[in-house]
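Colleague: I'm new to this one, so please walk me through it feature by feature.

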Amino acid sequence: MGYVAVKGGTEAIHNASELAEFYRVKGDTTPIDIKQIRAQMRLAIDKVMGEGGIYAPEYAAIALKQAEGDVYEAAFILRAFRTTLQRNYYSQVINTREMFVKRKISASFREIPGGQILGPTRDYTQRTLDTAKATETVIDIKTFLDGFDAKIDPEKLEGISTFGKVIDLLQQEGLLAPVDPTEDRSLVDITREAIKFPAPRSARLQMMARAETGGLMALGYSSQRGFGAVHPTVGELRYGTVPVRVKDAGGRNRYIGKIEVTENEMITGSKPAKKGTPPYFTIGYGLCFGHNETKVICMSTLDTAMRRPEMGAPANDQEFVLYHTEGVEAMGFTNHLKLPHYVTFQSSLSNTRAAVERNNKTNKEVEQQMIQMQSV
Amino acid sequence: MQTELHYDTVFDEQQHFRLLLDSMARPGKINTFPAMEIMPPVGLNQASALTGFALLNADTSYHIAGYNGADIAQYLLVNTASQQASIDTAEYIFLPENHDGRGLEKARVGTPVYPEDSATLIAEAELISEQVVENSLGITLKGPGVNGEARVFVSGINPALLEYLKEQNVEYPLGIDLIVTDKQNNLFCIPRSNAFTYIKTN
Amino acid sequence: MIENTKYTNKYNFAFIDEATKKEIRRKLLKAVAIPGHQVPYSSPEMPISRGWGTGGLHITLAVIGKEDVFKIIDQGSDASVNACNLREFVNGMTGCKTTFDTAEATLIQTRHRITEEELTDKQIIVFQVPLPEPLRMVERYEYKTLQMHAEADYAKMYVSLYESYVRHGAIMQGAGYPVMVNGRYIMSPSPIPRWDTPNLNQAQTLFLFGAGREKRLYAVPPFTDVEPLEFEDVNFEIEDFSKSECYKTGYKKAFLDEIYSDEGERKFVISDSNFLDKKSEKQETHQYSNKYIDQLQEYGL
């Protein structure tokens, strides 16, 4: 059957989607429990929530299952779902100083207030393929958890929260560049209006918080390697939970729950704006849902890079960075090339055929002239 | 002030918008909102109220340039959740019959990059008709949406308002779009893209 | 445990929430009042991929009512796979009647074609637009293209078209040939073939354009001047099918698709599937006419 056989299209797409469903389950294995996905695919879920722009681990798990683990597709499904939800409240500004910290590191100082807290990280492990995972059993997990619990001394458990920040130290010492009074500090909502350039920082940070991690990584990396030359130091990278509050109809603040976020403050030396100004430090900021350190590191690198358009590299270019790291849009458009384009192609064909014909004709004329000249 | 119970915010709104779209796309074309059981306060005719219902919500703002502003504002608030704004920031400006355009020079006309960031006027008239009516202005329109020339007769509209509109629309694409409504639920539009002339018919 | 009730999500009529519909509607009125000018809008995500007709869908769903009869085509075909998917979505979210019959439809969404049959003043056609900015091919930055439109500074565009002529002996722009609307804005008519472009000029119908990924919508009202960009000595030309004919109907005066059999034999067939059906069944049709098509008739068709 043809690609666009007349009146066959509907049947074709139904069959194709049924076949896709068949591929999802054809192994005829036990269905993965949503609870299992939530518990064991934590980082995939965080990526999907961040790029999907909605904090809903359960829905992210469903989307991942539905999309056979394709995080782009799952994030897209969540974005589409998100737009169907009624907006009842806007949250109050989240204060990350209230974070219940699970991990907190600084690369800029050996010791920081509250100490370096490694928390859950795979950074210092050997990334050897752990074939034991292939035969992991429920009992293995239980044994591990029991052993883990036994090591914890409840006497020594202290909540780690409400720390000052490394940037406070720099601020107190007067090393941070004062905020540029000419910077656009207006607050826009990128989900309610199209972004306009030059975009205020609020729009840039929102765009990046929903951007595709890989896209941010490519551009953040390019800046660190030398295209745009941002040489940053991690001031403080944190992962933990923060409370979310809304104002109710009576104007009272109401706690509605907590969400996990990763936050990064990146320190960069600045180029003095004018003679006589010292080369202050500037802070690049990154924040996203869940646990995604690559994302916030690259986001904060790019935050700084985009404030220096004069450097002229791709990472310094707002339009370039923000439009092309928008994963849902980028995926949609790159894949739309699969759609039939035969009408547009026909239009190019007729132009190209005519141009080739003209060219052949000209060549022939030149040849004729040459022959004539030779015969003379 | 009560919420209108006979107004369907999904289907009436859609139907009324289509009439507005048709009139905006065909300047001078008269459309008529179906009769509805709504009770706007004095100073706001049904067609203007329905136009407001179709376009206003919490994301946009309006200004009342006529009398009984407080009642009308309250009515629009409970029915659309839209906010009142000053004449120089409002996106929609409601005008009573025979408004002379005074004060409207402050209304937004957009910027060269975003000419759509401009005000839309919803002006009330006595009667809109394809035929000459008593004390009417005959308005002739020319431009996009009009096949050659369009003619519409309106009573209860002030020539000064039309003069004002002409002035605001000189620097096209900057400008202001006008929706005219009457007591019979009729409406027609003069978008900024159209040039027009008018004469007193009697 | 997850409760099932949590997942029963009822969608609004036409899927999009009323606040967003209103926003799109307000902007459509502005777009109509400033023909050819691209108006930014919120463009919320849809359950359809970006670049696959979301802009068209936003407009369709913001204007559609219960009484509308909906038709959707892709490359002229009612049966194209993506069109089928979007048709089912619109139908599922509105319950509107759908049709293949161009004349019966009140609201038509299209990708890359205008119907061969002339549309009337009772119909609206909505174009899916992949790249709304016609100046993007000469200027990559948005803040600069916005300025160019604001100042009607289109020199770069004309230079680029003329360069194409100098280099190749013709303006090589294929589908999506840029047009001047109402003598003010250069506009992308979406990637319709040049065959369709002249039918935008002084038409009966309201044309609405939606570019979802780029978050822009724009319009051409009826009876508006829409002129393909050209020069005194270098003119716009439509695709020439005078040497081909539809293998099913023998008809020539329509946009034809070039198809190849398994043996590699080249054939042509009418691109507009409903028009093909009507021609095959010898039904009456009222086709668009314009000076470019009329020239073809002089070839002795």
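Modeller: Let's begin with a term for packed helices: a crossing is left-handed if the near helix is turned anticlockwise from the far one by less than a right angle, and right-handed if clockwise. Helix 5 of chain A passes helix 12 of chain A in a left-handed crossing. Helices (H or I, at least four residues) and strands (E, at least two) are DSSP runs, numbered from the N terminus. Keep in mind that this is a predicted model: local features need pLDDT of at least 70, side-chain atom pairs count only at pLDDT 80 or more, and totals for chains, interfaces and linings use all residues. Residues are numbered from 1 along each chain as its sequence is written, while chains are lettered from A and ligands numbered from 1 in the order in which they are written.

Colleague: At what angle do helix 5 and helix 12 of chain A pack?

Modeller: Two packed helices are described by the angle between their axes and the distance between the axes. Here the angle is about 115 degrees and the axes of helix 5 and helix 12 of chain A are 10 Å apart. Axes are lines fitted to C-alpha atoms, for helices over the stretch in contact, and angles run from 0 to 180 degrees between N-to-C directions. Helix 5 and helix 12 of chain A are therefore roughly perpendicular (under 35 degrees is roughly parallel, over 145 roughly antiparallel, 65 to 115 roughly perpendicular and the rest oblique). Helix 5 of chain A brings A:Tyr72, A:Ala75, A:Phe76 and A:Arg79 to the contact, and helix 12 of chain A brings A:Gly327, A:Val328 and A:Met331. By class, these residues are 5 nonpolar, 1 polar and 1 charged.

Colleague: Which pair of chains shares the most contacts?

Modeller: Two residues are in contact if their C-beta atoms, placed from the backbone, lie within 7 Å. Of the 2 pairs of chains in contact, A and C share the most. There, 43 residues of chain A touch 49 residues of chain C. On the chain A side, helix 1 (9–25), helix 5 (71–82), helix 12 (327–335) and helix 13 (342–375) each give two or more residues, and helix 13 of chain A gives the most, 12 residues. That side has 19 nonpolar, 14 polar and 10 charged residues (Ala, Val, Leu, Ile, Met, Phe, Trp, Tyr, Cys and Pro count as nonpolar, Asp, Glu, Lys and Arg as charged, and the others, Gly among them, as polar).

Colleague: How many strands are in the antiparallel sheet of chain B?

Modeller: That open sheet has 4 strands, in the order 6-8-7-11. The twist averages 25 degrees from one strand to the next. Strand 7 (residues 136–142) and strand 8 (residues 150–155) of chain B share 6 bridges, and B:Thr140 has B:Arg151 as its bridge partner.

Colleague: What should I look for in the backbone itself?

Modeller: Most residues other than glycine have a negative phi, and most peptide bonds are trans. A cis bond joins A:Phe197 and A:Pro198, with omega about -5 degrees; another links B:Tyr172 to B:Pro173, with omega near 10 degrees. As for phi, B:Asn98 has a positive value of about 60 degrees, and phi of C:Lys215 is near 60 degrees.

Colleague: Is C:Lys215 buried or exposed?

Modeller: C:Lys215 counts as buried, with 24 C-beta neighbours inside 10 Å, whereas B:Asn98, with 17, is partly exposed. A residue is buried if 20 or more other C-beta atoms lie within 10 Å of its own, exposed if 12 or fewer, and partly exposed in between, with C-beta atoms placed from the backbone.

How values were computed: Two strands pair if DSSP finds at least two bridges between them.
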